[in-house]
Amino acid sequence: MTYALDVLQLLLLLAAAPLVRGVVSCLKARLQNRHGASVWRPYSELRKLFSKEDLVPPTASPVFRLAPVVLFAATVAAAAFVPALHGSALLGATGDFILLAYLLALGRFFLILGATDGGSPFGGMGASREALVSTLAEAPLLLGLTAVAIAAHTATIAGMVRWTLAQQFFHLSAVHALAFAALALVAIAETGRVPVDNPATHLELTMIHEAMVLEYSGPSLAWIEWAGAIKLSAMMALLIALFMPWGMPVSFSVAGLVVAPVVFALKMAAVAAGLALLESGMAKLRMYLVPDFLGMACALSILAVVFTAMMR
Amino acid sequence: MGLISLAAAKTLASSAAFLFITVLLMAAAKRTATCIALFSAQCAIITAQILATAYLHHSGEGFLVAILVFAVKVVIIPYALLRVVKGLKTAGEVETSTTPVQSVYITAALIPLAFVVVRPYVRALAVDGQLLAAAVALVLSGAFLMVSRKKALMQVIGLVVLENGIFVAAITTTSGMPLVIEIGIFFDLLIGVLLMGVFVFRIRDTFDHVDVSKLRQLRG
Amino acid sequence: MAHILFNSLLVILLALPAVTLLASPFKALRHLSPALLMIGLVAGAVAAARSLCHPCLIASDLSSITPLPFALALDRLSAYFLLLICVVGAPVALFSFSYVERHYTGRRRDWLWALLPLFLLSMVVVVTASTAFAFLFGWELMTLFSAGLILIDGDDSQRRQKLFTYLLMMHAGAAAVVGAFFMFAPHAAGLDFASIRVAAGLMPAGVRTAVFLLAFIGFGTKAGIVPLHVWLPKAHPIAPSPVSALMSGVMLKTAIYGFVRFGFDFLGTGPAWWGYLVLAAGALSGVLGVLYALAEHDIKRLLAYSSVENIGVIYLGLGAALVFTANHAPGWAALALMGALLHSLNHALFKSLLFLGAGALADATHTLDIEELGGLFNRMRTTGTLLLIACCSIAGLPLFNGFVGEWLTFQSFLGGATLAASAPAIVLPLMAGVLALIGGLAAACFVNLYGVAFLGRPRSVEAGDAVEVPLAMRAGMALLAAACVVIGIAPAIILRPLSAIVQDLIPGASLPEGALSIARFVPWLAAMVIAIMLGVALVRRVTRLTATWACGSPALNSRMQYTSTAFTSPIRKVFAQAYRPDRTLSVEPAEQPYFPASISYHSIRTVHFEQALYRPAVNTIVAAANRLRKLQTGNIQVYLLYMFLALVLLLLFMRLA
């Protein structure tokens, strides 16, 4: 029974990921006084891409075509760890948050290789910038998750969710506040949103993620775009699950199962609105200011870990 | 009423966390307007703290103090400082002696220091350790702001943050200050800030800049 | 059974030089030496595997014919490291089958096949020794034989200078190790490991600390922790590729073995500051090693610095284990030690694979500079795939073996928060952040290496004309790659014997609950990922070859691609404090700065340890030596005076003592 629910949860995350992206773009457009595209636009884009040809440079190696496959598989596997509807997910084990972070790293490793394989200077530029951002984002990501794990006296994501659910509403400890701030900054860097990277830019010199996928087209590009959307909704769902899980059913009940998707949708909409507000309000940072941004996230996460010992 | 007292208790318990975050963000801020906005956010948190304390200890005075704090520190002083920033035209950027990352790390190191320093007093006075540590952290970070920022206006902001810290410490240890002392401190602060605002314009008119590091040229 | 196999390994390794010399004039017996070497190593691996289940206390005792006690034993820790040596040595020997044939002829070939088994023999003696004499005998021979193997590749003055640095630092380290052993002498009945173990429990704390520090310095020099690492990037690149693989993969692990023996087996529990010292050394080596690796584009120097980084990661695990034993948490200590030991094996596997790959690249393209390579995957498919597996493993990505060791270490850092003392509860979780940073930098370094060397367009004619290497070389690399993948997908194979080993070393250790959950979990994860990949790959798609788009720029050539220097430039800029290169810019002619005839720019990136630490030390020693030289006056009466003074002092000493 739990398995069915967990599989359903994963499929929901996969299917709803483009919608989340569409909602964020729509809200950004409205905030910027434009009409914007409809929220279902990413779906039609994916359908268009799947029906097109895959253009491959003749100098490319099989790694070029392998990269989107590995990226998609790794991102889906990472999404299988995230509890969205109820307190646990399809995959879970002791120390699974480390596995989640490194599965995302696996996908990114192959995407960088695919970018380098294109043989163009833009691929190399995107790859080297992405290497910088992801290197600096690893430490705050793991430290932030470690701080939450230590505060919850457990090493599984499901355990952390259960512990936060057991705390009373509005109880905010310094550890959680700092870890949330750190993980929010890291999530922005990992998913490539403003102020680290502009997902809607058309200027090559301001691109990080877009420059890496410049050579991809057709179904390969569709898998990459979908994987990016899954990563965004997985990180949002993870932040919601760790820091705002109220509304998730703890035990099985029909009422709980009916309410859970509605609550999840509302929370995701709220986070999407916050993201749209942030993206419209801030300008993209210059490349060499991104280390400062991530350094701030690192300081916050180090403080979060230090606080876990000071508040015992 | 049970819900409100629960909310009050939780506000009190969580305000320290928010104060730490404003301290760190102020260390990283690059524009003076951001610093002033963060300062007024800090004072808003302190207002909430005073309201919660007043509710829990059933003191009417506390509500008056809260209103006063809100009016003076959240509205008037930030407004005055923003006026000065707009008037100066060159004070928009915070010029620092340390890079933003270094400032953040130094401020982040001051926070555990505050905790360590406060530990014996927490046991002796039986108060909330986090709030007292937040107070000491505010004092230390205000002092650090004054030391590491070069513009005269930032020195003022550092001073008011420091005063904030003393204020929080007072609230924590005495569970609400007597109103008379409170009013006295406020007027002191108000006059001080207004005078500083005037002086900053005078400095600018005389020297054409407000960079305190250039005061060194006044040496004999 | 294990007994017999082990002794046959020793006999084969000892006899191979003679066999090589005898067989060298006969062309038909060319492959006899390599074949015998492989058979011996396979026998050794089987012996080691059996001993992991049933440790045998005395495998070979030659004390009757040697002047000092010389005995070899296979307890679980020794068996693990013997397994490491043989499991890495056999594929390296298979690789060398063709590599040596293609690159060395005549006397050099014979010397190589004579010295290689002796080098392996010395390492086997070190890890299976059960007396101090045997250990030190093997220790010194390791250095000598590896120096001999380095000299086979040539002895011009630059190589000799680097070799001299290597020998000097190895002997300094050996002196510290000898000192560590001899500090046991007044307290132990004899210098075999059993009596040393007993004596260590009875020694005063000051002596134990001295032993620990000597062992730390001695084994640290051999392992290559910062700041004792300066010999690594000098010695490893100048050796022949199979020898570099063995030096980096296996020889460094003998130092880890020695340190584990001393720190956990002999000395048992110690004060917590030992653990913090080791943690600091590990963190520093890890971060600085990978930062220096990022600045290199000579493959072997890059791999050498990356070895420094991985040794740092192993030391992080060892440091955590020491802190846990000091805080009476043997279960967590066992977990940390497991992580460190597993990472040793993993590093041996993927680092040797990478060095063999470097050898294959040198064979195919005659260059080791990745900025001259590019587009090699299309020309060397098998080598490309195998090195992709190696790069994924060393980057610590899941489903490969590097991740499992790092995961165990992460788990143990998390366990630090359960301790009562607040210092380890803060430091150990923060080390998880350091490990994450090291992992991120390593991933960037190896994505750079692989992307620049194998992907994109070839940057030189040699790279464009590269051909795949012969079967034996590919087979050797494939064996190592297979081991990496197997341990990554089914770690239970190695975790069960490892838990037995750490329970021997740390008494009373029962692993924390759920600590090995990864063993059950990863195979399912791998199945899921592979299933999704197959599903995605099977979605029908039409492919068309068309020129690289690059926003419509026409006529892209290979010079327009990112080079390795360009790729790592943002990271190097952010971490600029670690580099501070020594730069000289000279313009000819100097009096016409705006119309130069030639400009030369020379930059050495990694000198500041040598300038700040070694040069002052060397200058002090040389100055002291110069002052001592004044004793040599050449005057015979002064020499007679020295003898007279010595006599008088001796008489006074005997009178007063």
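We'll go from the whole interface down to single residues.

Before you click: this is a predicted model, so local features need pLDDT of at least 70 and side-chain atom pairs count only at pLDDT 80 or more, while totals for chains, interfaces and linings use all residues. Residues are numbered from 1 along each chain as its sequence is written, chains are lettered from A and ligands numbered from 1 in the order in which they are written, and side-chain values use heavy atoms, with hydrogens and water left out.

**Stop 1: the two chains.** Select chain A and chain C: 74 residues of chain A are in contact with 72 residues of chain C (contact means heavy atoms within 4.5 Å). Together they bury about 6500 Å², 76% of it on carbon and sulfur atoms; buried area is the accessible area (1.4 Å probe) that two parts lose on being put together, summed over both.

**Stop 2: the salt bridge.** Now pick Glu53(A) and Arg544(C), whose side chains meet in a salt bridge (2.9 Å, N to O). That term needs a side-chain nitrogen of Lys or Arg within 4 Å of a carboxyl oxygen of Asp or Glu. The count between chain A and chain C is one.

**Stop 3: the paired strands.** Which way do E1(A) and E3(C) pair? Select residues 54-56 of chain A for E1 and residues 543-545 of chain C for E3: they pair in the parallel sense over three bridges. Strands here are DSSP runs (E, at least two residues), numbered from the N terminus, and two of them pair if DSSP finds at least two bridges between them. Zoom in on Val56(A), and you'll find its bridge partner, Leu545(C).

Conventions:
Helices (H or I, at least four residues) and strands (E, at least two) are DSSP runs, numbered from the N terminus.
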